[in-house]
Amino acid sequence: MPRRSAPAADTYHWLTLAVDVLATYRLTRLATADVISEPVRQAVLRQVGAEPPPGDEDPTAQEIVESLDEPPRLATLVTCRWCAGVWIAAGVTAARRLAPGPWDLVARGLALSAGAVLLARFEDD
């Protein structure tokens, strides 16, 4: 493989970093807030004994955790984007280092999804 010149290598580095940032954002959003993963968060809360407040019908995992004085750490992890984001970023970093080829395909898909989600926020419909 030919050596990259310094500017090309630097551009590749920044583009790769941007893809991984967007992939981390998308995975963090999926883990902590997306509707599709709510059943998983609810299952985690049940597993750690985090119960919904009495009288609240069908609360989200986030609402359950916010209602607790001292929520279990795992319950906080699956609902806090700051908490989950650190661990997800560590996983993304490890994936980039340990399996760069396969991870690049996954990361690009996640980055495109994140970009679409972020751009959709500008729509008026």
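Me: Why are Arg41 and Glu38 said to be separated by about one helical turn?
Reply: In this predicted model, Arg41 and Glu38 are 3 residues apart in helix H2 (residues 38-47), so about one helical turn separates them.

Me: What makes the pair Arg41 and Glu38 a salt bridge?
Reply: Their closest N and O atoms are 2.9 Å apart. The cut-off is 4 Å, so the pair qualifies.

Me: How do you know whether Arg41 and Glu38 are buried or exposed?
Reply: Buried means under 20% relative accessible area. Arg41 has 2% relative accessibility, so Arg41 counts as buried; Glu38, at 17%, counts as buried too.

Me: Which residues form salt bridges with Asp104?
Reply: Asp104 pairs with Arg96, with closest N and O atoms 3.2 Å apart, and with Arg108, at 2.8 Å. Both distances are within 4 Å, so both pairs count. Asp20, Arg96, Asp104 and Arg108 are linked in a network of salt bridges.

Me: Why is Arg108 called partly exposed?
Reply: Arg108 has 47% relative accessibility. Asp104, at 19%, counts as buried.

Me: What makes Thr79 buried, and what does its side chain reach?
Reply: Thr79 has 8% relative accessibility, and the limit is under 20%, so Thr79 counts as buried. Its side chain reaches the backbone oxygen of Ala75 at 3.0 Å. Among the residues Thr79 touches is Arg41.

Note on methods
Residues numbered from 1 in each chain as written. Predicted model: local features only at pLDDT ≥ 70, side-chain atom pairs only at ≥ 80, totals over all residues. Heavy atoms only, no water. Buried < 20%, exposed > 50% of the residue type's maximum accessible area, 1.4 Å probe, protein only. Polar contact = N/O pair within 3.5 Å; in protein donor to acceptor, adjacent residues only side chain to side chain. Contact = heavy atoms within 4.5 Å. Salt bridge = Lys/Arg side-chain N within 4 Å of Asp/Glu carboxyl O. Helix = DSSP H or I, 4+ residues; strand = E, 2+ residues; numbered from the N terminus. Lists of a residue's contacts leave out its neighbours within four places in sequence.
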